[in-house]
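Please examine the model displayed below before reading on.

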Amino acid sequence: MNPVIDLVADLGEGFGAYTMGDDSELLEIVTSANIACGFHAGDPDIMAATVAECVRRGVGIGAHPSFPDLRGFGRRDMGLSASEVQNDVVYQLGALNGFAAFHGTKVSHLAPHGRLGNLVAVRADYAQAVADAGARVDSELIVVAQEGELATASRAAGLDVAIVGIVDRAYQEDGTLVPRSQPGAVLHDPSEIVERTLRMVVEGKIRCVNGKELAIDVDTLLLHGDNPGAVELARRIRSELVAAGVHIAPLAEVMHAKKKAA
């Protein structure tokens, strides 16, 4: 059976008159979207327009909650309690669910953004807060995460977990990402990124920053679209995956196929 993979991008990350990334172009490539919910980016108008366009194009909708850090784009640790994190996630999920319901659909997955996304992989209290928020708002939500505390807590809460592969970030031997503050954390060579992505999906392996091989079983690939050449790279990744016999499908379909195969 050929591999099945979802392609996801972070969308709706503008604010007011400010825009980031080319959502229109990315929506021609991806099968799912992580939509900013207003805390690190996004506002009611942007959220409504992004959800409507996802519905029109058949793209799966996911909530992309973050710390309340508009100025820092959600990339700073806010020193919040686990209870505050839980309430912030519920708040953001509720906002996106409202727009999804208005447009006749629902939020299918949850993918924490930025620093929150990094911390839930290693902080059990934050992971539990996010998992409980997701499970109690919608027990059918798919949690998008790397292996780590959030994946563990989400499975324990009865939620399906989709493992995400981040195509342009360097990995450490424990499966976590190399921090952005360290050299080589972000990859820039398109050919290297495409080759790593194909190996990740087809062979289930990725070379870590220390040169060792890491086994990885991914359900979705995160394609960034907020830097020069990113859209063209995303298009190339999709083309190369298809050429390698990989089936591209929305996340809900990927997870259904995985359950069926098991």
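**A guided reading of the model**

Y171 is placed in the loop between β6 (160–166) and α7; helices (H or I, at least four residues) and strands (E, at least two) are DSSP runs, numbered from the N terminus. This is a predicted model, in which local features need pLDDT of at least 70 and side-chain atom pairs count only at pLDDT 80 or more, while totals for chains, interfaces and linings use all residues. Residues are numbered from 1 along each chain as its sequence is written, and side-chain values use heavy atoms, with hydrogens and water left out.

Y171 counts as buried because its relative accessibility is 1%; buried means under 20% relative accessible area, exposed over 50%, and partly exposed in between (1.4 Å probe, protein chains only). Y171 and N210 are 39 residues apart in sequence, and their C-alpha atoms lie 8.9 Å apart in space.

Helix α8 (residues 230–243) comprises 14 residues and extends 20 Å from its first C-alpha to its last, close to the 20 Å expected at 1.5 Å a residue. The expected span is 1.5 Å times one less than the number of residues in the helix. Which residues of α8 are buried? They are A230, V231, L233, A234, I237 and L241. Seen down the axis of α8, these buried residues fall within an arc of 160°, so they line one face of the helix; the arc is that of the directions from the helix axis to the C-beta atoms. The exposed residues E232 and A243 are carried on the face of α8 turned away from its buried side.

The structure holds zero disulfides, a disulfide being a pair of cysteine sulfur atoms within 2.5 Å. C37 is in no disulfide, and the nearest cysteine sulfur, that of C54, is 12 Å away. C37 counts as buried at 5% relative accessibility, and C208 is buried with a relative accessible area of 6%.

The second largest pocket holds about 300 Å³ of space. Of the 16 residues that line this pocket, P3, V4, D217, V218 and D219 are the closest to its centre. A pocket is an open set of points on a 1 Å grid over the protein atoms alone, where a 1.4 Å probe fits, with protein on both sides within 12 Å along at least five of seven lines; lining residues have an atom within 4 Å of a point. Grid points are joined across faces, edges and corners, and the volume is the space filled by probe spheres set on the points. β1 (4–11), α7 (190–203) and α9 (251–261) each supply at least two residues of the lining, and α9 gives the most, with four residues.
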